[in-house]
Amino acid sequence: MTWNKERIDRVAKASASADFLAFEAIGLSEIDQARILDVGCFDGYNTVLKFSAYENASQIVGIDPEGSMVEEARTRTQDPRFSWENVSFEDYTNPDQGGFDLVYFSHVFQHLPNKEQAARKAFELLKPGGFCVIKTIDDSANVSAPDPDRLMKRLYALYEEHVLPNTPHTRNTDRNNGSKCYGLLKDAGFQNIAVRTLASDTANKTPEERAQLFERLTYYRKNVPECVDPVIADEVHSLLHQWSELFQDDGYYFASQTFVVLAQKPSEAPFATYRGPLFTTEGSKPHKPPESTHEAWSLRPMAEADLGQVMDIEIRSFPDPWTPVAYAMELRYNTRAAYTVAVSPDGTIGGYVGSWEADGVATIANIATDPSLRRSGIGRKLIDFACNQARNHGCAAMQLQVRAQNSTARSFYAAMGFNEMGYSQNYYTNPDDDAVILVRMLQ
């Protein structure tokens, strides 16, 4: 079996909300000149997605034993803060004795050959007061009901006995790792340890969403090594097929728990209370029905569970991206804001818009379309929706700002009915630029 890069990158986006909540909880955005070690960076996609928006991060080091993936990671970004090393965690040596502020394991800790040693090494690599964040799995916490034929349990048992030990990448994998992390980190010397779970489940999901969830959570179990008895391999594939059909039953409930573990290295300063919500679940804030179900892209309110895909578009669209914490604060607390995403039938987010309303005027705070989907009409759809929403709320005008040197955007907004009404000098940085103020009348 080989790692499927496209699937792994897709999972990184789908589960990013758990990481962003953890980073918020430890106050990552407030650590001056933060140094970060990402253990198991793979092709660098997850590393760039999770950390590039944190302007306070001075150094992000990604390490991975897969040489070809590290080479790809080196082409991922031109940001000088990022560096990549082809080395295993066991063999990694920190050239800077100052240590890291964060050592991060995203679905990596369960694969390491010696978890006790890894916890101790993470402790040693951290500065006093630094944090370790582990995102991992625990199959023992999964729920499958009703499942009278015990499809999930039978599949898991076959996988543990015949696939894991015969696959190089998973030979040391502990599929029941999540519940053990607290003890491992405690024994390594960490304090201020918090363990939370983020649930992915089938509740209130459409058939398409159920199929997508099944694919995301079970794809790796399809890769049965050739050395496995063909009878066993056939049984594995048969159980997977039966289980996929069970997923389509609206009365069937499945839940998979992602464990997120936060721990702090002791320091002379007193421990600060975790600053973020530990944790919400994916299903705690249900999506409202789409505005349209008859077109390729429907619209619905943005939720925190969308932040992985939103940040993927954000960091590819802007030289000075918003942080996930900024979006989370807007979604939770800004009662005058409305954030909307354009979603395809398979759950892919193609773009988003956020607007504020005050004193009869609405302002587009942020809008972006996936660079690969530009000129597809998503941007127009989002702007028209935001304008109609503001008009229905009694706003007389919609305004926004755009870089003066961005002639393409200025032409686009002119075609959307916006007029240039003024300038703000030296408004933008990275690179420096003036802002053009655009207004579209709504009444």
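My entries follow, beginning with the basis of the values.

**Basis.** I worked from a predicted model, in which local features need pLDDT of at least 70 and side-chain atom pairs count only at pLDDT 80 or more, while totals for chains, interfaces and linings use all residues. I number residues from 1 along each chain as its sequence is written, and side-chain values use heavy atoms, with hydrogens and water left out.

**Aromatic pairs.** I found 21 aromatic pairs in the structure, where rings of Phe, Tyr and Trp (its six-membered ring) pair if their centres lie within 6.5 Å, and planes under 30 degrees apart count as stacked, over 60 as edge-to-face and the rest as tilted. I looked at Phe214 and Trp243, an edge-to-face pair with 5.8 Å centre to centre and 85° between the planes. Phe214 belongs to helix α8 (residues 207-218) and Trp243 to helix α9 (residues 230-247), so this pair ties together parts that are 29 residues apart in sequence; helices (H or I, at least four residues) and strands (E, at least two) are DSSP runs, numbered from the N terminus. Both Phe214 and Trp243 are buried, a term for under 20% relative accessible area, with exposed over 50% and partly exposed in between (1.4 Å probe, protein chains only). I also noted that Phe214 and Trp243 belong to one aromatic cluster with Tyr156, Phe247, Tyr252 and Phe254.

**Charges over rings.** I counted a charge as over a ring if NZ of Lys or CZ of Arg is within 6 Å of the ring centre and within 35 degrees of the ring normal. Arg35 lies over the face of Phe100 at 4.3 Å from the ring centre, and Lys265 lies over the face of Phe123 at 4.9 Å from the ring centre.

**Helices α12 and α13.** Helix α12 (residues 378-392) packs with helix α13 (residues 407-415) at an angle of about 55°, their axes being 11 Å apart; axes are lines fitted to C-alpha atoms, for helices over the stretch in contact, and angles run from 0 to 180 degrees between N-to-C directions. I recorded that Gly379, Arg380 and Ile383 in α12 meet Phe412, Tyr413 and Ala415 in α13, contact meaning heavy atoms within 4.5 Å.

**Thr369.** I placed Thr369 in strand β12 (residues 361-369), and at 11% relative accessibility Thr369 counts as buried. Leaving aside neighbours within four places in sequence, Thr369 is in contact with residues including Ile313, Ser317, Ile378 and Gly379.
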